[in-house]
Each structure stands twice: as structure tokens, then as C-alpha cells.
Amino acid sequence: QVQLVESGGGLVQAGGSLRLSCAASGSIFSMDVMGWYRQAPGKQRELVASITSNSRNYADSVKGRFTISRDNAKNTVYLQMNSLKPEDTAVYYCNVKRLPVGVRGEYWGQGTQVTVSS
């Protein structure tokens with residue numbers, strides 16, 4: 001089993017920055033996918049960014065503004081969010097896919113609110 005504990009959300013003005021952290025308990029390997037999703041009111045949950053041992057993937061809407069990173073020794077994934085916009089307002093969820101997912105599972109954090117005021 002894996003538990004994910006998120007921190008770092010909050011209220012920020014447009015143009016500001018926030019850093020989200022997600023610490024995972026349990027066995028996480030460098031090949032496992034760690035990422036962040038978000039869900040705004042009335043919208044579907046969407047991928048923001050994901051990271052493996054040799055790749056990073058970003059949604060087009062956050063490219064150049066957000067940076068995902070991970071510390072494998074701490075089983076922690078981070079999301080540095082710069083130049084925040086009101087449309088970034090959402091609940092952000094940490095996600096871990098332990099590969100293969102069908103055997104080792106996929107896990108979600110409880111979510112952290114990010115609110116960007118104009």
C-alpha cells in the first residue's frame with residue numbers, strides 16, 4: 001500500500017508562485033510514474049505533469065510555467081508553479097502509478113486547493 005501526503009497549496013495572486021509537495025510512503029521505484037493532476041469546478045480531472053526516471057511530461061497549458069521534479073531518496077514529487085493564472089485554480093492531486101499498475105497499483109493523494117486571484 002502507498003499513502004500520499006500533499007502540501008503547499010494556498011491562495012496566491014496572479015503572477016505569483018507556489019510549490020506543491022507530495023510525500024509517498026511505501027515502495028516507490030524510480031521507474032514508477034509520479035505526477036500531478038488537477039480538477040477545477042465543473043471540469044474533468046486533467047493531467048498537469050508527470051515524471052519518470054528519464055522523462056517529464058507537461059500539459060500544454062502549463063509548459064514553460066510549471067516544473068515537476070522528484071527526490072527518489074525521499075519518495076517525494078514536487079510541482080513548482082510560476083506565473084500562476086486564475087485558470088490554474090483547482091484542486092491538485094498527487095498521483096503515483098507503480099508499474100505495472102495492474103499488479104502494483106495506482107494511488108491518489110487527498111488533494112490540495114490552489115486558488116489564484118486576479
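Ser 30 counts as partly exposed, at 36% relative accessibility. This residue belongs to a predicted model, and it is found in the loop between strands β3 (18-24) and β4 (33-39).

- Leaving aside neighbours within four places in sequence, Ser 30 is in contact with Thr 52, Ser 53, Arg 70 and Asn 72.
- Ser 30 and Asn 72 stand 42 residues apart in sequence, yet the distance between their C-alpha atoms is 6.4 Å.
- Val 101 counts as partly exposed because its relative accessibility is 33%, which lies between the limits of 20% for buried and 50% for exposed.

- Strand β11 covers residues 112-117, and its side chains alternate between two faces.
- Thr 112, Val 114 and Val 116 point to one face of β11 and are buried.
- Strand β2 (residues 10-13) runs parallel to β11, and 4 bridges join the two.
- Leu 11 has Thr 115 as its bridge partner in β11.
- Strand β9 (residues 90-97) runs antiparallel to β11, to which 3 bridges join it.
- Val 91 has Gln 113 as its bridge partner in β11.

**The disulfide**

- The count of disulfides comes to 1.
- This disulfide joins Cys 22 to Cys 94, with an S to S distance of 2.1 Å.
- The pair links distant parts of the chain, as Cys 22 lies in strand β3 and Cys 94 in strand β9, 72 residues apart.
- The angle about the S-S bond is -80°, and the link of Cys 22 and Cys 94 is left-handed.
- Cys 22 is buried, with a relative accessible area of 0%, and Cys 94 is buried with a value of 0% as well.

**Salt bridges**

- The structure holds 6 salt bridges, among them one between Arg 104 and Asp 32, whose closest N and O atoms are 2.8 Å apart.
- Arg 104 lies in helix α1 and Asp 32 in the loop between β3 and β4, so this pair ties together parts that are 72 residues apart in sequence.
- Both Arg 104 and Asp 32 are buried.
- Asp 88 forms a salt bridge with Arg 38, and the closest N and O atoms are 3.0 Å apart.
- That pair also links distant parts of the chain: Asp 88 is in the loop between β8 and β9, Arg 38 is in strand β4, and 50 residues separate them.
- Asp 88 and Arg 38 are both buried.
- Salt bridges that share partners join Arg 38, Glu 46, Arg 65 and Asp 88 into one network.
- Glu 106 and Lys 97 meet through their side chains in a salt bridge, with an N to O distance of 3.3 Å.
- Glu 106 counts as partly exposed, at 35% relative accessibility.

**Backbone features**

- Most residues other than glycine have a negative phi, and most peptide bonds are trans.
- A cis peptide bond joins Leu 99 and Pro 100, with omega about -10°.
- Asn 75 is not a glycine, but its phi is positive, at about 50°.
- Asn 75 has its place in the loop between β7 (66-71) and β8 (76-81).
- Asn 75 counts as buried because its relative accessibility is 14%, and buried means under 20%.
- Ser 83 is likewise not a glycine and has a positive phi of about 50°.
- The loop between β8 and β9 holds Ser 83, which counts as partly exposed at 41% relative accessibility.

How values were computed:
Residues are numbered from 1 along each chain as its sequence is written. This is a predicted model: local features need pLDDT of at least 70, side-chain atom pairs count only at pLDDT 80 or more; totals for chains, interfaces and linings use all residues. Side-chain values use heavy atoms; hydrogens and water are left out. Buried means under 20% relative accessible area, exposed over 50%, partly exposed in between (1.4 Å probe, protein chains only). Two strands pair if DSSP finds at least two bridges between them. Contact means heavy atoms within 4.5 Å. A disulfide is a pair of cysteine sulfur atoms within 2.5 Å. A salt bridge is a side-chain nitrogen of Lys or Arg within 4 Å of a carboxyl oxygen of Asp or Glu.
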